[in-house]
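Please describe the strand pairing and the nonpolar packing in the structure shown here, with the cut-offs behind each term.

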Amino acid sequence: LEVEVLALRELNHEFLDDEYDVVKVTYSNGISFIINYDLTATTVEVDGNSYTIGAEDFIKLDADGKEI
C-alpha cells in the first residue's frame, strides 16, 4: 500500500458478497480497494463495473472506479 493511503480517513467499508469474503474500502481521497479474502478468485459488480479479483488479492480503484 502507498503511504498516502495509510494516512487517509476511511469513509466507507462495505461487504460485496453474502459470505463477507469480498469488501470494498473507500478513503477520503476517493481511492478504493476491493479486497478478496476468499481462497478462490471472484468477480463482483460495483456501480455497473465488473471486476475480477484473484484469490487473497485486491485491486485499487481511482475515484472514478477505474482500476489503477
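## Hairpins and cores

Strands β4 and β5 form a hairpin with two residues between them, and in its turn D47 has a positive phi of about 50°. This is a predicted model, in which local features need pLDDT of at least 70 and side-chain atom pairs count only at pLDDT 80 or more, while totals for chains, interfaces and linings use all residues. Residues are numbered from 1 along each chain as its sequence is written, and side-chain values use heavy atoms, with hydrogens and water left out.

Strands are DSSP runs of E with at least two residues, numbered from the N terminus, and two strands pair if DSSP finds at least two bridges between them. The two pairings below are given with the residue ranges of their strands.

| Strands | Sense | Bridges |
|---|---|---|
| β4 (residues 42-46) and β5 (residues 49-53) | antiparallel | five bridges |
| β2 and β3 (residues 32-36) | antiparallel | five bridges |

In β3, F33 is the bridge partner of V25, and the hairpin of β2 and β3 has four residues between the strands, with G30 taking a positive phi near 90°.

Strand β2 (residues 22-27) is largely enclosed by the rest of the structure, because six of its six residues are buried, where buried means under 20% relative accessible area, exposed over 50% and partly exposed in between, with a 1.4 Å probe and protein chains only. V22, K24 and T26 point one way from β2, whereas V23, V25 and Y27 point the other way, and all are buried. In a regular strand the side chains alternate between the two faces of the sheet.

A nonpolar core is a set of buried Ala, Val, Leu, Ile, Met, Phe, Trp, Tyr and Cys residues joined through side-chain atoms within 4.5 Å. The largest such core has eight residues in all, namely V22, I34, V44, V46, Y51, I53, I59 and L61, and the elements that give two or more residues to this core are β4, β5 and β6 (57-61). A second, separate core of five residues includes V25, Y27, I31 and F33.

Contact means heavy atoms within 4.5 Å. Leaving aside neighbours within four places in sequence, L61 is in contact with G30, I31, S32, I34, Y51, K66, E67 and I68.

T42, which lies in strand β4, is partly exposed, with a relative accessible area of 23%. Not counting residues up to four places away in sequence, T42 touches V22, N36, Y51, T52 and I53. The C-alpha atoms of T42 and A55, which are 13 residues apart along the chain, are separated by 7.3 Å.
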